[in-house]
Amino acid sequence: MSAILRLLFLIVSLSPGLLLLAWDGSLSWTLIDGVRLSLTLTPLAGFFMVLLAVAAPLVALPMLRRPLDWSSLALYVPLVLGMELLLLAGDFISFFIGWEIMTWSSYLLLLRSPRADLETSQSYILFNLASAFLLLAGILFYYSLSGDFRIGPLAGTTFGQELILAVLLGLAFLIKVGTLPLHIWVPSSYDQAPDLFSAFLSGAISKMGVYGLILLLTLFPDALTSLAGRLLEGPAAGYLLAWIGVVTSVVATYKAIAQEDMKRLLAYSSIAQVGYITTAIGVGSSLALAGALYLALVHTLVKVLLFISVAGIVLQTGQRRFKDLGKLIERMPVSFFGVLIGIIGLAGMPPLPGFAAKYLIFVSLVDARWLLLLAAMILASTAAFIYCYKLIYGPFLGHANSPQAREAREAPLIYLVPQVILMALLVLFGFLPGLPVQVLIDPVLVALGMETIGGASWAELTTTYGGYDGVVLMLVFIIAFVLVTGIFLLLRGRMHRAGSPYDLSYAGEVPTEGTPLHYGAGMGRELHRIPLVGWILRRGTRGFYLGLAGQMRAAAALLGSLYVGRPQIWILIAVVVFAASLAAQSMLGGL
Amino acid sequence: MYHKTQCEGFQCEQAMLEVPGEAESIRQGVLERLVSWMRHRSLFVLAYGTGCGAIEMRPLMTSRFDAERFGIVGAATPRQADVLIVSGYLALKTLRRVIRSYEQMQEPKYVIALGSCTINGGMYWDSYNTIKQVDRYIPVDIFVNGCMPRPEALIEGFVALQGRIKNGEKGGYHHYREHIDWYKANQRKVLGDQIPPTYTCDWYHAGGVV
Amino acid sequence: MTLPLTPVWFVALPLLLAFASPLWVRLRLLMPLLVGTPAVLLLLALALLPEVRIAPLVETIVIAPPLGIHLQLDSASWILVALISFTGLLATAFIWLGDGESYLRDRRAFIFLLLLIAGCNGMVLTGDLFNLYVFLEISGVSAYALSALRRDAPALEAGLKYLLIGSVAAVFFLFAVVLVYLQIGQLNLAAIAEGFAGIPGPMQILIGLLMLVGLGIKAELFPFNFWVPDIYQGSHPVVAGLYSGFLVKAFLFVLFHLVFLLLADPGVAGAWLMGLGAATMLVAEVVALRQDDMRRMLAYSSLGQIGLIALALGFGAEATTAGGLFHMANHTLIKLVLFLTAAVLMRSFVSARLADLAGAGRARPLAAAFFVLGALAVMGLPPLNGFASKLWILKGFAEAGVFWPVALVLLAALIEAGYYFRWIKVLYEPRADLPEARAVERWGYAPIAVAAGLIVLLGVAPFLVDDLFIEGAQALLDRGAALSAVLGAGS
Amino acid sequence: MHAVVDSLAMIGVSYVMGFLFYGFYRQFNARVQRRWGPTIWQNLFDNMKFFFKSETLIHGPMFFFGPMIIMAGAFTTVLFVPFLKDSDWLQGFSQYGNLILIIYLLVVGPLGNALAVGSSGNPFGVMGVTRGLTRLMGLEVPFFLGLAMVMLQHETASVHAIMAAQDSLAHWGIVTNPIAFCVILLPFIGSQHGAPFDVVGAPVEVYAGPRVEFGGRLLGVLMTQRMMMSIAKLVLLVDLFLGGATNILVLIAKAFSLFLLTTVISMVFPRLKTEQAVDFFWKVPLGLGVLGVILTVWLPSWSA
């Protein structure tokens, strides 16, 4: 029985992939009077379905580790199915249904974690529902404009109507992707969610917001340009969106550096990455959209990889703070490589595909002549090196700082399999940066009516500004590495390993186990001394939202005081209201 | 912990302190000569400012005396250094650090002891916690005497050391390796439990002295 | 009395059975009959459905020529009747199967429950203003008594309070009835509707306000609903479920029925009711944020939904009205699930307070799962029925291009999420010292499961029933058809 | 075959240029300080000495591979920068890369080395890495902004194309786009670990640097890659702003003049703390860059 259920679970998790292979044609039926649901697979949705098809089974696999949490497995099913519905939606109602199923099932999954506290879960669900309701409002407004729920370009609308629509839907999707200042729910929920589910949250669910943003562009005849004209070489409305994205990345990057917890760091880094994607969507050219999609792909691979690795660490050590870990490189080598490949992808370093994605975005920014945005984006993506380094130094390098970290063993095989698959994918795309472009991204661009950017071969990534060749790059690097290592080993001389991890040049001192040698927790603290960074880090939106919640509770108390338990007051109020309205009527109408 | 060889500690002091023969002419191949030449032209100095010698070492690097023209520059950490300068008297506390730093240096490595205090305790000859003869604890290649010696004297010491390196003579570190028991016994005598950890000399335990 | 299948049975059957209760006690048939009556009524309603869909059934029982009981079963009132019967069925089934408190299973409870059903059915069906008042009093009195059934201090207090406020409401309504009769000399609703326009304007307003206050108190609209939480909290959750499930709905239906029937142009009154509905919704949802007692929280939530329904019905467009009726049905199902779940939880943990229920979801997973389902549905999250009806309502507003109710409804739903999810979170709180749960009869879950199944079914496939509601809306809105059905085509 | 010989030649040229330039730097520095200073070969001696140290301590495999990665990164960087224009030689694999790739390649190595530093477990080393990354964060913004201005000017990211466009003195980047050059100059010194911004690896004075645990041959590797990397950056700037070079002598002359300029600037400024450096980069060069963007991008677009 249990085996069959687990098999079923796996099949559900594989269903996005199966759907991609098997889906053709479309499906539609009436929900209620005048509301017709129709399912179809557009190339754009297909791209995001690919992301889901990668993330869903890879996250599902480690969830099958015993002891099984049946509730989580059961909730994962509607989550995946809801997301499929969302992507298959040919009309906004099924889009919304999928969106909402995704929202509540992910919330309930979040509750499965014993660490989830009230503030986190409330902020998660309230922000997501706010997003959903804004979406619904936007959908209804769209309906009032077009008279139909089918997703398609609008025609004959005024500027004001387009603006309202863009603001409603845009806000909904921006909450989902977690841009500033609507990001407050992201870090704590990614942090407190069940460890594996965080991977899915960051890898797949946040991408749905990206999907929505791109979908939003397709609603307008001339994408964002139709909203407010052009600025330099790009759409003026997109300039605003792009700045939102960039400010998000910058702030989130510094917040990530300041975190002392692996999962929180990854959460902020997700915000930052999605910020880049938002920027690229703001630029809106074919290069930029390709970059956005590419980055979405890479981010999914990387974040699923990283979160699963981190989940393995947490599973084996029970620790999640940088100061409690360290020196796991020897104890968890596969996880180390997982995180290593992950951060290389995350930081956008060549030769892994993270660079290809960033390259496209950078070039698109130059192409749009939005150089200031480019500078701000470089700031974020360079500062990202610091948290990437922290992420690998904290758990894996340095010194083991807790008994658990000293005795940890490698994560179970079921955690390692997805990691290895993802690593292989990332390396493959590093060799062939043009592969995702030609296979996955170009069809989307074609469907959106934009020019394609695929090059002559899979190995090449080409743009109008020039490109690079992944195979040559990889080979040169690998050959250089082998050569250097070989020559080095040919040199004469004794090379030996230190007899103890405490054999450090430490100003003549002899450090011991009790010496605070691990720099994991405090890393990046000195950034506070840089005026701009300090200014950013001292600020937060939590106070604002807590204040809002406090005001709501105060209002509740105030209004609640009306509901006193004394019948005479109820009667008095009824009579007074009656008399007052009568009086008002008599004054106005002349009784 | 360390094997007893023929004798221990101060019993065989005189034998140990004798210079192992007057610079027997060492035969070197072309490559070795080249390497020696490179080595002597480039000395990274870990200046251990224990006593008043620290004051005398600073001018060495500055414009007046300009040690850099001999290829002598400072190094921040023992890992990068070739030469350790013990500048003046060593208290027990500093001795421990000096030994530790010395052991952490990568071979080939040399020691220059600066000032009279390193030779016989100097003005601290009767101090209860000052080391009188540094070469009982670490092998000293060059002593530069004086109280304190001027930078010129120090440069002369360096040049002498360079000469020995150039000729391919065996440095003190060979001596340290060969007589580690003796050095360790001496160190233990004065430092007791405070002796630097033995893992830095793990080659010793790995079997055989090279 | 020749036709066995007439709307009269909806009132007569429960009344007759209730008055014959000593016999049933003797025959040990109390419980089967308690469940059986609404079941039979439900079957009756289903049997009448094809006829009703063709034309409204009008039944007049003449007592003395001008006086008589007019019953009118059209598509709109059919929905209410079916709803009342179905809700009654589930609630009584829960009482029977759930092996609940003895005071709910004795003769008095039997009588009052059946009277409540009879009264509500009568209110919904009647075509006569005075009878409306009578049924209003019947249902009111039985409701007061049901609240006080438990006979301990809180229950008695709740009963007394309900009695007081209910009487005030009845007085207001009676005044209105008297004034109408003075002005028109008729009590038949159709006749009144014809003559209403002839009444002088100020008197119309006075009558309208009196009715509004009277029915507003009963239908729990904003400035008149301060009694609701106390009564719901004091009553047994099953009883509260019935109040929220069909009693309020019946009053609300009556209110709107009167508005749409009496006024040739319901625009102004509709706007007033929309305003009241919006205020009810927002105020109740906000106040619910701070509630720590599950029954009280559910009471406020119920108020909020009532406000939404009032908002939808008050707008008077076909889509919103159909959606509003649909939402009535859905909300009844949802609240039934929630209140019955609350009953289970209260029985398990003795308390309904938030702090005492922390971690209850791990001790009573099934009950908690039903609570979650109900909560999701009441917030209008797909694929549950609350979504379908809310979507219908909102779509109606959007079609008309009116967006402020959309914004308010969505805002209210967001606030609602604020407290429902707090409860859900607390129910699943990881807790080392789980409270000891008392055993619950497993069959008690069956009625909840049925309602939950319907919640899901109506959410996934609302197209199965949407015709009914469209017809209901048309029947409710189409004043001319209603009048001609009673008074003949010429009028 | 051509590629192999060419690659080896590029690596050789960059190494030789590296130690000679840095030898000159040290001597020049000494002369400014009224010292004799070492010979111009001093860097070669130091480097070779480290390569022939008879003992090298490592702290685990990652510690060993770090310097290998940084060296491989340096080789790759050198091979992706075209040294000459209009020539078959000293091109490496530059036609497969572009400017942005080169900028990122410059960072690959140091990050690989950062892993090694981390795995040594020495907190001072990690502190140094953090400082290095912080400085990088500061300097990269104006640096990249300047490069972006160049890319925009030529509407390409290909170094070859940018070089080809500067066919005469009047078309040199430094003439046609002086603002970009000014924006880049100071961050460039920072990226060369040049004087006002060199607190990260401050050679003698600061214990906490990324190299704190490296000794012996590994330190030799680190020195080598730094020299080669510096030359790669110099050549890149020559390509972008000084019109490239048609033969090796011109290349050396141009690179040397640029090097001289940066050296002179380095000589006269006192060292900044890391955060001061970052703040400086964000205020002065970046401010200049913003001004440049407004002047060269925004104004023309508005007036058009």
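**Entry 1: nonpolar cores**

I looked up the largest nonpolar core of this predicted model and found that it has 562 residues. The residues with the most contacts inside this core are Leu371(A), Leu374(A), Ala375(A), Ile392(A), Ala250(C) and Val337(C).

I then took Val337(C) and set aside its neighbours within four places in sequence. Val337(C) is in contact with Phe370(C), Leu373(C) and Gly374(C), and also with Ile448(C), Ala451(C), Ala452(C) and Ile455(C).

I noted another core, of 46 residues, lying apart from the largest one. Its members include Ile72(B), Ala75(B), Ile112(B) and Val134(B).

**Entry 2: Phe9(A)**

I located Phe9(A) in helix 1 of chain A, which spans residues 2–22. Is Phe9(A) buried or exposed? I counted 21 C-beta neighbours inside 10 Å of Phe9(A), and the residue therefore counts as buried, the threshold being 20 or more.

I next listed the contacts of Phe9(A), not counting residues up to four places away in sequence: Phe9(A) touches Ala60(A), Leu73(A) and Val77(A). For Leu73(A) I also looked up the C-alpha separation from Phe9(A), which is 7.0 Å, although the two residues are 64 apart along the chain.

**Entry 3: the side of chain D that touches chain B**

I turned to the contact between chains B and D, where 30 residues of chain D are in contact with 20 residues of chain B. Which elements of chain D each supply at least two residues of the side that touches chain B? I found helix 2, strand 1 (55–58) and helix 9 (216–241) of chain D. Helix 2 of chain D gives the most to this side, with five residues.

I sorted the side of chain D that touches chain B by class and recorded 14 nonpolar, eight polar and eight charged residues.

**Entry 4: helix 2 of chain B against helix 2 of chain D**

I followed helix 2 of chain D (residues 42–51) to helix 2 of chain B (residues 30–41). Their axes come within 8 Å and cross at roughly 120°. Angles of 65 to 115 degrees count as roughly perpendicular and those over 145 as roughly antiparallel; the two helices are therefore oblique to each other. I recorded the crossing of helix 2 of chain B past helix 2 of chain D as left-handed.

Which residues meet in this pair of helices? From helix 2 of chain B I listed Met38(B), Arg39(B) and Arg41(B), and from helix 2 of chain D I listed Phe45(D), Met48(D) and Lys49(D). The residues of this contact divide into three nonpolar and three charged, with no polar residue.

Key. Residues numbered from 1 in each chain as written. Chains lettered and ligands numbered in written order. Predicted model: local features only at pLDDT ≥ 70, side-chain atom pairs only at ≥ 80, totals over all residues. Axes fitted to C-alpha atoms, helices over the stretch in contact; angles between N-to-C directions. Helix = DSSP H or I, 4+ residues; strand = E, 2+ residues; numbered from the N terminus. Parallel < 35°, antiparallel > 145°, perpendicular 65-115°, else oblique. Left-handed = near helix turned anticlockwise from the far one by under 90°. Contact = placed C-beta atoms within 7 Å. Nonpolar A, V, L, I, M, F, W, Y, C, P; charged D, E, K, R; others polar. Core = buried A, V, L, I, M, F, W, Y, C linked by C-beta atoms within 7 Å. Buried ≥ 20, exposed ≤ 12 C-beta atoms within 10 Å, placed from the backbone.
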